[in-house]
Amino acid sequence: MGSRDQKVKWSWSSALIGAASATAAASLLSAKPKDPTFHLISIDLTSLKLNLPVLDAELMLTVHVTNPNIAPIHYSSTTMTILYDGTVLGSAEVKAGSQPARSCQLLRLPARLDGMELAQHARQFFSDVAKREMKLEAKLTIEGAAKVMWWDHSFRVHVDSFVTVDPVFLDVIGQENKSQMDLFLI
C-alpha cells in the first residue's frame, strides 16, 4: 500500500505542476503584445485660410483607436504626415496621452492641408474630384510605454494608412491600415 500512496502523491504533484505550467503558458500567450488598430471615422472641414494664391484647409480628423493589450499605454505627442500623389500635402497633430488596457477611444486630430502643394497636383486633383475619389496616405509613428506591474516597457508603433475619400463631401469611402509595433524590453 505504501507504494500505491506514493504513486498517487506523485501523480497529484505532476498534475499540479502540469496545470501550473499550462496556466503560465496561457498567460504568456495572452500577454503577447498586439498591434493597436486605427480607423479614420470622419473628416470635418473646420476652416479655409486664404494663403495667396491658394487656399489652405484646416480639418478635424476623428480616429477610432483600439488598444487590445492587457496593459494601459502612455504615448508622446507626434505628427501624422498626410501624402497625396506621393508628396506631403499636410499634417495632423497627435497630442500626448494615454489609453486604458483593452479599450477603444476616439481621437480628434487637428490637421492642415497645404493649398500650394495641392495646386502642384491640380490636374490629378480635378480628375479625382470628377471621379469623387481621392486617394491619400497617412504615416505616423507613436512612441510610448506600457506599464506591466512595476515595469515600463517602451514601444514604438508605425502606422501606414491608405484612405480613399470623396473630395466633394469629405466622406471616407475606404481605408486600409497597417501597423507594426516594436517593443523594447530594456
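Which side chain meets that of Arg 112 in a salt bridge? Hi everyone, let's start there. The partner is Glu 58, with 3.2 Å from N to O. By salt bridge I mean a side-chain nitrogen of Lys or Arg within 4 Å of a carboxyl oxygen of Asp or Glu.

A quick word on the model before we go on. It is predicted, so local features need pLDDT of at least 70 and side-chain atom pairs count only at pLDDT 80 or more, while totals for chains, interfaces and linings use all residues. Residues are numbered from 1 along each chain as its sequence is written, and side-chain values use heavy atoms, with hydrogens and water left out.

Back to our pair. Arg 112 sits in strand β7 (residues 103–113) and Glu 58 in strand β2 (residues 54–67), 54 residues apart. Helices (H or I, at least four residues) and strands (E, at least two) are DSSP runs, numbered from the N terminus. Arg 112 is partly exposed, at 38% relative accessible area; buried means under 20%, exposed over 50%, and partly exposed is in between, with a 1.4 Å probe and protein chains only.

The count of salt bridges comes to 10. Another one joins Asp 166 and Arg 132, at 2.5 Å from N to O. Here Asp 166 belongs to strand β9 (residues 151–166), and Arg 132 to the loop between α3 (122–131) and β8 (134–148), 34 residues away in the chain. Asp 166 is buried, at 6%, whereas Arg 132 is partly exposed, at 37%.

Next, please look at Glu 143 and Arg 156, whose side chains form a salt bridge at 2.9 Å, N to O. Glu 143 is in strand β8 and Arg 156 in strand β9, so this pair ties together parts 13 residues apart in sequence. Both are partly exposed: Glu 143 has 39% relative accessible area and Arg 156 has 32%. Shared partners also join Lys 49, Asp 56, Glu 58 and Arg 112 into one salt-bridge network.

Now for the inside. The largest nonpolar core has 34 residues, and Phe 38, Leu 61, Met 80, Leu 109 and Met 134 have the most contacts inside it. Such a core is a set of buried Ala, Val, Leu, Ile, Met, Phe, Trp, Tyr and Cys residues joined through side-chain atoms within 4.5 Å. Its largest share, six residues, comes from β8. Leaving aside neighbours within four places in sequence, Leu 109 has contacts including Leu 61, Val 63, Met 80 and Val 94, where contact means heavy atoms within 4.5 Å.

Thanks, everyone!
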